Amino acid sequence: MTRIWCAISSHGFGHAAQMVPVLNELGRRVPGLTAILRTQVPARFFEGRLRIPWDLSPALQDIGCVQRGPLAIDVEATWAAHLRFHADWERKVAAEAQAIRACAPALVLSDISYLAIEAGAGANVPAVGLCNLTWDGILAMLLESDSRERLQLIERIRQSYRSAELMLRIAPGIPMGAFRKIADVGPVAELVASEAGTFREAVGAGADERVALVAFGGIALGGLLCDRLDRMHGWRFVVSGPVPAGAGRIRSAESIPLSFSALLASADVIVTKPGYATTVEAVAYRKPVVYVRRYNFADEAGLVEYLHRYGCGVELSAEDFAAGRWESALAEASAGNPKIEAPAPTGAAEAAEILAQYL
């Protein structure tokens with residue numbers, strides 16, 4: 001039996017969505033592979049997705065960003081949470097290293113916890129990073145002054161990242177100057193077949209209606225003007241979370257007996273923020289996207305550029321999104337067509353080939 005220690009950020013579900021396809025590909029190459037999932041992502045996310053044996057070891061691996069919903073970062077709360085996380089840092093790293101030693105894995109794979117990378121190195125276990133972004137890159141965009149304390153915190157994160165044997169940067173990725181060695185791999189996505197018939201029947205869509213999947217990741221989206229959407233003739237909407245009683249054109253994603261990947265593969269249009277998994281999968285499925293930007297998240301510009309190069313995207317302002325003024329953006333996105341073929345999502349297989357050498 002070969003064991004791998006997988007440290008996964010719980011800032012939304014995007015990091016877990018990157019890790020799972022890589023582990024599935026790695027399981028095809030390494031007989032008897034098992035995973036310890038060191039994360040606060042709930043077990044239900046991995047059930048039905050991760051196809052190798054795994055155990056969940058709940059523990060906070062990093063902070064990421066403190067959010068006010070999926071579209072707004074609470075900048076001051078984010079810095080305060082990071083400073084608390086770094087309190088007594090050496091003790092925290094030593095405790096994580098001891099947990100890794102007790103597990104005796106062959107490899108630490110981190111998306112993208114710097115705590116796990118430094119602890120893995122301290123436990124004399126090879127530590128490899130996997131992601132399209134890094135937390136020092138995210139925090140650098142949130143610097144609003146030359147605060148010595150905050151600059152030192154970013155440099156401490158970079159020191160931890162320098163402990164990694166390798167960084168697997170999945171496309172499209174941001175610059176990653178902290179790592180000593182980087183291997184670039186393709187986009188990571190695990191695609192499924194469309195189940196449009198089942199999907200459209202479940203939402204009650206007529207032949208002349210289109211269905212939009214409103215998908216903002218693992219951070220809850222609130223405040224949708226459902227009454228405005230319910231008056232949007234020619235459209236049906238699938239959203240995460242509860243739906244008001246009597247909403248005729250809106251269905252809860254949880255009420256439809258399909259996986260999220262199948263929902264995305266089956267919808268006519270995706271309404272989302274430019275997050276990694278949803279953007280890359282929407283491009284791979286050739287789905288038009290209406291997106292709402294945040295403008296202070298480090299990987300967002302690269303994902304928007306990727307969407308416009310290989311897919312079909314229309315920006316909706318945060319104000320129009322909040323007010324329910326979606327009609328023109330939905331119509332424009334629906335009328336567009338991708339201009340060139342998208343890169344094949346080969347990143348998981350490429351990453352697994354590299355990781356198998358450590359196992």
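This is a predicted model: local features need pLDDT of at least 70, side-chain atom pairs count only at pLDDT 80 or more; totals for chains, interfaces and linings use all residues.
Residues are numbered from 1 along each chain as its sequence is written, and side-chain values use heavy atoms, with hydrogens and water left out.

Q: In which loop is P172 found?
A: The peptide bond from A171 to P172 is cis, with omega near -5 degrees. P172 lies in the loop between β6 (166-170) and β7 (182-185).

Q: Is Y295 buried or exposed?
A: Buried means under 20% relative accessible area, exposed over 50%, and partly exposed in between (1.4 Å probe, protein chains only). Y295 is in the loop between β12 and α12 (300-310). Its phi is positive, near 70 degrees, though Y295 is not a glycine. At 51% relative accessibility, Y295 counts as exposed.

Q: Which residue's backbone oxygen does the side chain of R294 reach?
A: R294 is buried, with a relative accessible area of 11%. A polar contact is a pair of N or O atoms within 3.5 Å; within protein, one must be able to donate a hydrogen and the other to accept it, and residues adjacent in sequence count only if both atoms are side-chain atoms. The side chain of R294 meets this backbone oxygen at 3.4 Å, and the residue is P274.

Q: Which strands stand at the edges of the open sheet of six strands?
A: Two strands pair if DSSP finds at least two bridges between them. The order is β10-β9-β8-β11-β12-β13, with parallel pairing. Each edge strand has a single partner, so one side of each is left without a neighbour in the sheet. The edge strands are β10 (250-252) and β13 (313-315).

Q: What angle does the direction of α12 make with that of β12?
A: Axes are lines fitted to C-alpha atoms, for helices over the stretch in contact, and angles run from 0 to 180 degrees between N-to-C directions. Contact means heavy atoms within 4.5 Å. β12 and β13 pair in the parallel sense over three bridges. α12 packs on the sheet, touching β12 and β13, and the angle with β12 is about 155 degrees.

Note on methods. Helices (H or I, at least four residues) and strands (E, at least two) are DSSP runs, numbered from the N terminus.
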